[in-house]
Amino acid sequence: MLTQTPSVLFLQGPLGPFFRELAREFSGNGYTTHKINFNGGDRFYSGADHCVDYLGSVEQWPEFLENYLLEHQIQTVFLMGDCRLYHRLAKPVCERLNVRFMVFEEGYLRPDTITLEHGGVNDLTSLDFSLMGLASASSQRLSAEVLIPASMGQRVKFAAFYYWAAWFQRQRFVDYQHHRAFSPVVEGAKWIRGFARKYLNKWRDRQIQQQLSTELSGRFFLVALQVHDDSQILYHSDYPSVESFIEEVVASFADHGDHRDFLVLKHHPMDRGYTDYQRLIDQLALRYGVVGRIIYCHDIPLPVLYHHTRGVVTVNSTVGISALLHELPVKVTGRAFYDIRHLTSQCSLDQFWQAPEPVHSELFNRLHSLIFLESQINGSFFTELPLTCRNTRLFYEQNFAPVCVADIVNVAEPVQAVVNEGSAVA
């Protein structure tokens with residue numbers, strides 16, 4: 001029997017209670033909500049009208065999901081990050097059954113927004129960023145109504161609870177495969193090391209900032225490094241690692257950069273406790289003959305560097321969008337939706353050091369407007385949750401028409417059997 005109440009399903013979300021509170025927001029506004037948990041951390045923050053634990057293998061997951069979507073007449077699936085293993089496997093199932101696949105990501109225009117798109121994010125976006133698509137967008141640059149405060153403390157607290165809950169319930173979810181390191185002890189140690197490095201590098205960063213703001217102003221290129229296991233690196237670039245990106249950039253700069261220029265590599269703040277590239281950079285500087293012209297820093301605010309750099313190089317980080325906002329030349333070496341002619345430099349990396357292409361300001365305003373209106377929600381995954389959840393529901397309802405439940409059932413073959421509850425569902 002078909003239900004008239006729209007049903008939505010939540011898979012894995014950001015570390016913390018955002019999906020639990022979002023499910024409550026939807027439930028309180030006429031939706032039937034479902035949540036599937038893959039580990040103890042998901043379960044700790046779980047909340048919906050119907051919650052189940054998936055205890056099967058990765059190989060069994062697509063069949064289980066298909067049965068679940070059909071049995072409960074799910075119209076929309078919400079998830080965080082389309083490159084996580086279980087989410088990559090879920091996407092073709094949703095497409096086959098005509099179920100909306102709604103993907104959350106950190107805000108393209110952070111810190112005051114989060115991203116929500118249908119079908120995929122980043123390089124997998126469904127938005128039309130062609131020159132023709134941008135021509136029809138507004139050239140008026142928009143901004144979020146509510147400024148979002150910093151959330152690092154909340155991130156750390158939520159992550160700690162998540163990983164410890166996952167650790168204590170690991171025997172229940174024995175077949176679960178996480179998309180990164182999963183030990184709370186290891187993760188905790190890396191966070192502690194990250195905070196220690198922040199303060200150990202503080203004095204050195206202050207010296208570097210002074211140098212870049214004075215005698216080196218206008219004489220350096222900025223390289224924005226990304227998190228070592230970022231899906232942007234793993235799935236939206238041809239680099240096997242951040243190290244390989246660093247080597248390519250240093251080698252190119254050594255061969256083609258002006259001998260009077262410098263190269264500044266900035267570490268990603270969320271990766272501080274996991275990686276340190278100082279030894280690698282020193283070795284590459286020696287190998288390629290640019291000792292003294294490569295600078296490695298950690299926590300200098302990007303806007304400070306923007307005022308003095310000649311241009312920005314990135315694999316595909318949203319730092320590129322921020323740099324374009326400041327009308328800085330940007331070279332993308334991976335795949336990014338904003339890597340568009342007349343916005344980013346389309347020349348080779350070797351040519352970029354000598355002739356970085358300028359930014360077309362009006363075209364960027366149109367890109368900014370399109371991003372803001374079609375994919376950005378004022379809010380945060382870690383603070384201001386009531387505001388964020390309400391804005392998310394309204395954004396979803398305003399931008400996506402309801403899916404007819406009958407369409408879901410007619411697309412697929414009748415369900416043969418539901419996965420055994422004793423082995424796959426709690």
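**Close-up views of a predicted model**

View 1. Setting aside residues up to four places away in sequence, Thr125 touches Glu117, Gly120 and Phe337. With one of these residues, Glu117, the side chain of Thr125 makes a polar contact through its own side chain, at 2.5 Å. Thr125 belongs to the loop between β6 and α5, the latter spanning residues 131-135. Its relative accessibility is 17%, and because buried means under 20% relative accessible area, Thr125 counts as buried.

**View 2. Asn378 and its polar contacts with backbone atoms.** Asn378 sits in strand β12, which covers residues 376-378, and it is buried, with a relative accessible area of 13%. A polar atom of the Asn378 side chain lies 2.9 Å from the backbone oxygen of Asp112, while the side chain of Asn378 also reaches the backbone nitrogen of Glu145 at 3.5 Å. Not counting residues up to four places away in sequence, the residues touched by Asn378 are Asp112, Thr113, Ala144, Glu145, Val146, Ile148, Leu387, Thr388 and Asn391.

**View 3. The cis peptide bond between Arg110 and Pro111.** The peptide bond that joins Arg110 and Pro111 is cis, with omega at about 20°. Pro111 is located in the loop between β5 (residues 100-106) and β6 (residues 113-118). As background to this view, most peptide bonds are trans.

**View 4. The packing of helix α1 against helix α16.** Helix α1 (residues 18-27) and helix α16 (residues 385-399) have axes that come within 9 Å and cross at roughly 55°, and the two helices are therefore oblique to each other. The crossing of α1 and α16 is right-handed. On the α1 side the contact is made by Phe18, Glu21, Leu22, Glu25 and Phe26, and on the α16 side by Leu385, Thr388, Cys389, Arg390, Thr392, Arg393 and Tyr396. Sorted by kind, the residues of this contact between α1 and α16 comprise 6 nonpolar, 2 polar and 4 charged. Thr388, which is one of the α16 residues in this contact, is also among the residues touched by Asn378.

**View 5. The packing of helix α6 against helix α7.** Helix α6 (residues 152-168) and helix α7 (residues 184-200) pack with their axes 9 Å apart and at an angle of about 160°; because angles over 145 degrees count as roughly antiparallel, this description applies to α6 and α7. The crossing of α6 and α7 is left-handed. From α6, the residues Met152, Val156, Tyr163, Trp164 and Trp167 meet Pro184, Val185, Glu187, Trp191 and Phe195 of α7. The residues of the contact of α6 with α7 divide into 9 nonpolar and 1 charged, with no polar residue.

**View 6. Glu357 and the backbone nitrogen of Cys347.** Glu357 is placed in the loop between α14 and α15, where α15 spans residues 361-375, and at 27% relative accessibility Glu357 counts as partly exposed. The side chain of Glu357 reaches the backbone nitrogen of Cys347 at 3.0 Å. Leaving aside neighbours within four places in sequence, the contacts of Glu357 are with Pro329, Thr344, Ser345, Gln346 and Cys347. The C-alpha atom of Glu357 is separated by 22 Å from that of Ile246, a residue 111 positions away along the chain.

**View 7. Positive phi values at Gln73 and His342.** Most residues other than glycine have a negative phi. Gln73, a residue other than glycine, has a positive phi near 55°; it is found in the loop between α3 (residues 61-71) and β4 (residues 76-80), and at 9% relative accessibility Gln73 counts as buried. His342 likewise has a positive phi, near 80°, and lies in the loop between β11 (residues 330-332) and α14 (residues 349-352). His342 is partly exposed, with a relative accessible area of 40%.

**View 8. Glu95 in helix α4.** Glu95 is part of helix α4, which runs over residues 85-96. With a relative accessible area of 53%, Glu95 is exposed. Along the chain, Glu95 and Gly292 are 197 residues apart, and their C-alpha atoms are separated by 53 Å.

Key: Residues numbered from 1 in each chain as written. Predicted model: local features only at pLDDT ≥ 70, side-chain atom pairs only at ≥ 80, totals over all residues. Heavy atoms only, no water. Axes fitted to C-alpha atoms, helices over the stretch in contact; angles between N-to-C directions. Helix = DSSP H or I, 4+ residues; strand = E, 2+ residues; numbered from the N terminus. Parallel < 35°, antiparallel > 145°, perpendicular 65-115°, else oblique. Left-handed = near helix turned anticlockwise from the far one by under 90°. Contact = heavy atoms within 4.5 Å. Nonpolar A, V, L, I, M, F, W, Y, C, P; charged D, E, K, R; others polar. Buried < 20%, exposed > 50% of the residue type's maximum accessible area, 1.4 Å probe, protein only. Polar contact = N/O pair within 3.5 Å; in protein donor to acceptor, adjacent residues only side chain to side chain.
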